[in-house]
Amino acid sequence: MSTTDTVPVSPARRGWTAYLRWLVPIAFLALVGALVWHGVDEFDLPRIQRTLLQVPTLPALGVGALALVAVAFTGLVDVVIARWLGLPMPAGEMLRLAFVANSLANILNLSGAIGSGVRLLAFAARKVELARGAALIGLQVLSLPLGLSVLIVITLALGSRPITPGATTHWVALAVLAAATAYLPAFFVLTGRRRLMRWLPGGRELPPLRLKLALTALSFVDWVLSAAVLYGCLYLAGAHVKPGPLLGSFAAAQTLGLLSLIPGGFGVFDGLMLLALSSGGYDNAQVLAGLFLFRIAYYLLPLLAGLYLGSGMLVGQLPGIARATARLQTHPLFGVLGLPANLLAGFGIRVLAMLTFGAGLLLLASAAIPAVHEHTVVVRANLPLAAVEGSYWLSVLTGVLLLGLGRGIDGRLRVAYNLAQPLLIFAAVLAVTKGLHFGEALFLLAIAALLRVRKREFTQRAMSLTSLTTFTWLAGLIVVVCAFFAVGVGTMLGDDSFDLWYFGFGEHSSRIVRGLFAAGLGVCGYLVWQSFAVRRPSLKLPDHAELERAREVYREHGGGEFGHLSFMRDKHLFWSGDHRTVVAYAAVRDRLVALGSPCGPEGAIKRAILDFRQFADAQDRAPVFYEVLEPDLSLYHDLGFDLFKLGELATIRLDEFTLAGKRWEDLRQAVNRSVKEQLAFEMVEPPFDTVLMTEVERVSDAWLADKGAHEKSFSLGRFDPDYLAWSPLALVRRSGELIAFANVLPPYGPNGTASVDLMRHVDDAPRGTMDFLFARVMQWAKEQGHATFSLGMAPLSSVGDNPYARINERLAALAFQYGGRFYNYQGLRRYKEKFQPEWTGSYLAYPRGLWVPGLLIDIAALVSGGYRRFLSGR
């Protein structure tokens, strides 16, 4: 059991720590593997099988119950600490939480973070004060090794030395035990110093001696119960080890298992116990069978029970959890946890995915291992040969499919759940008919039951087929199938009498090679199924009726800055669950990018953001909101989004607009000059006749040709008669000839803002023509009684302009300062600044963990009309 570091570390030290977390486990496994290889003579697999089959059922169930009690007993540590801290949680609920956290941590512990993280998230979901929750986690982590230290002191005092194969290893084991005993006095001394316990809640006194003694006693009983479970498992397997030497060996192996940083000490603890007991004269097959039973009883069985008890414990609590995790990262005790909230909140599903993959692995491993003779005799007497052969072949096929479905379970795919459930039940039946493997059948049925408990969490409709996660799961499938192929080929090559078409109850070689065809068929079938079953649904563009419906929402509740751009029909419309709020969005790669905030009743906006996020999650896409404004930022923060500032939006109060004064000097000069240039302004309402649209298209084409540009999309308008027909057109004519135009975006809702989108002119238009058009449009908007007018956004304005800004925003500030060669950032800001507008920050809201530069490239491709145009520039 490892504890978290309480001292902030530099990036360099953090890098070395990351390397050590990989190097230390690998070094321990290599060392123990070498010791076992040289110290243990043989591994008789058939004898291990027979030993396991001879374990009596009722005593085995009793040991399993003892293991569940042992893991549940550990929760009393949480209860005692919670009572001292005054946490407002009932003891029963605290015990349930502790059981779930401990059962996960036993198998999947990552430097203490899993158990601590699960507790943290549950506390956040129940609105427990962060400081108190952190203090409970800290004391819980620090107190668990106390019992092991006490156990070592007692065993050494009673003369119970660990069993070792030689004098050198004997003294090494004693040195390890002696060092471990130092933890007990160190805990009592260090927890009495205020400077080291500064992570306790404010005003809370240091842990009293009575509490420390209680925690020591509880931890001691916890470790004794764990040793008792191991003793029972070894006894049932036929290895009748004396309690004294077993405790000494158990204490040394557990100590080194904790130091190895491997979850559950897997491999290190087992190898050391096998080495110790084998050197003590106990049968290897019996010891291995006992250790296998111990892993099932003390680790796998509580894990299954914990998954059942923890079902839904953290579902729907991600926003609060994300905020609490962000705050906790600054806490002096747990700043190094660093696990994302969504990883921990969805850990139950991920474990189920691993178990589904493990079920497939078990089926293939079972097929690769010959059945024991006793089972072959019973099967021959009760089942026809065709049933055994068919069950074996189908079991291999089912195992491969379950290996692949682990990815779908991890992605919460509904279609994967619907397929995995019957496959697991079918595989359980096959486990019995192919060789009376009742334990295997019970394990498969247990996974099916756990999946059924979490049924409501499988809401996803699709997943990415090109993500790193998908490739990782696929690589695992291929590795397991290749290992099965290797065993099959090795079996065939080692059998001189091999005959592929010989069928018999005991003909393992022929059967396993025939199973290779089933494995190959399973891989092909899974890949075909995955290609078609998990494909994302096609997104439909809105028709005219849906756009009219959206316009009614905009008129009643407001359309924000970008609602009118929905009418370009290059974006899809998402309607919230109550059908009162609409989101305009587009898809690029695995992102769904919404333009602005949802439009609808103010009280329904937050719900619409969450609905859109769930809609994107169901397709394994990332939901992104582009250009959300400052008043809405708290909504996105509360729902777990990160924010990146894109720039600032300039708006003018029209009651302040007049052509008099220095503020409006440029516009006034343009209006005055228009008389000399014989310019005339006209505002035209739709519908527009064909002649006018032909004139507008001529001006638009001339502007595009002069700029060497092509039409944009998404957040920028384009020339499209259908789009222009949704709003008025502002026209400027010279002696009757159209030389400039702009489409006016009407202000939707009671507090809407008027603006313009397309502003285009011919290349020989007089200087100041667009200022003249701009002035007349604002005059028109003021006469219509509109309150504000938008000048549009100044990209990257006031982004990253202080040394404490995020690195992405500081890089954006460099683009604003030095990127004038590619875009006139500063010139655009200065032009709008002279009108003395009100500036409102505009932000990108995105799920935590996404790479911002990649998001900005995706959005740039959207605006350009797709990656092909973006990359080609045409």
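**View A. Arginine 295 lies over the face of tyrosine 299.** The distance to the ring centre is 4.5 Å. A charge counts as over a ring if NZ of Lys or CZ of Arg is within 6 Å of the ring centre and within 35 degrees of the ring normal. The model is predicted: local features need pLDDT of at least 70, side-chain atom pairs count only at pLDDT 80 or more, and totals for chains, interfaces and linings use all residues. Residues are numbered from 1 along each chain as its sequence is written, and side-chain values use heavy atoms, with hydrogens and water left out.

**View B. Arginine 549 places its charged end over the ring of tryptophan 575.** Here the ring centre is 3.7 Å away.

**View C. Phenylalanine 567 and tryptophan 726 form a stacked pair.** Rings of Phe, Tyr and Trp (its six-membered ring) pair if their centres lie within 6.5 Å; planes under 30 degrees apart count as stacked, over 60 as edge-to-face and the rest as tilted. The count by this rule is 25 aromatic pairs. In this one, the centres are 4.2 Å apart and the planes meet at 5 degrees, so the pair is stacked. The partners are 159 residues apart and link distant parts of the chain. Phenylalanine 567 is in the loop between α23 (544–557) and β1 (572–575); tryptophan 726 is in the loop between α28 (721–724) and β7 (729–734). Helices (H or I, at least four residues) and strands (E, at least two) are DSSP runs, numbered from the N terminus. Both residues are buried (under 20% relative accessible area; exposed is over 50%, partly exposed in between; 1.4 Å probe, protein chains only).

**View D. One aromatic cluster is made of Phe574, Tyr585, Phe612, Phe615, Phe625, Tyr636 and Phe641.**

**View E. Proline 686 and proline 687 are joined by a cis peptide bond.** Omega is about 5 degrees. Proline 687 belongs to the loop between β6 (679–684) and α27 (690–707).

**View F. Aspartate 620 has a positive phi without being a glycine.** The angle is about 55 degrees. Aspartate 620 sits in the loop between α24 (605–618) and β4 (622–629). Its relative accessibility is 28%, so aspartate 620 counts as partly exposed.

**View G. Glutamine 678, also not a glycine, has a positive phi near 60 degrees.** Its loop runs between α26 (665–676) and β6. Glutamine 678 has a relative accessible area of 54%, so this residue is exposed.
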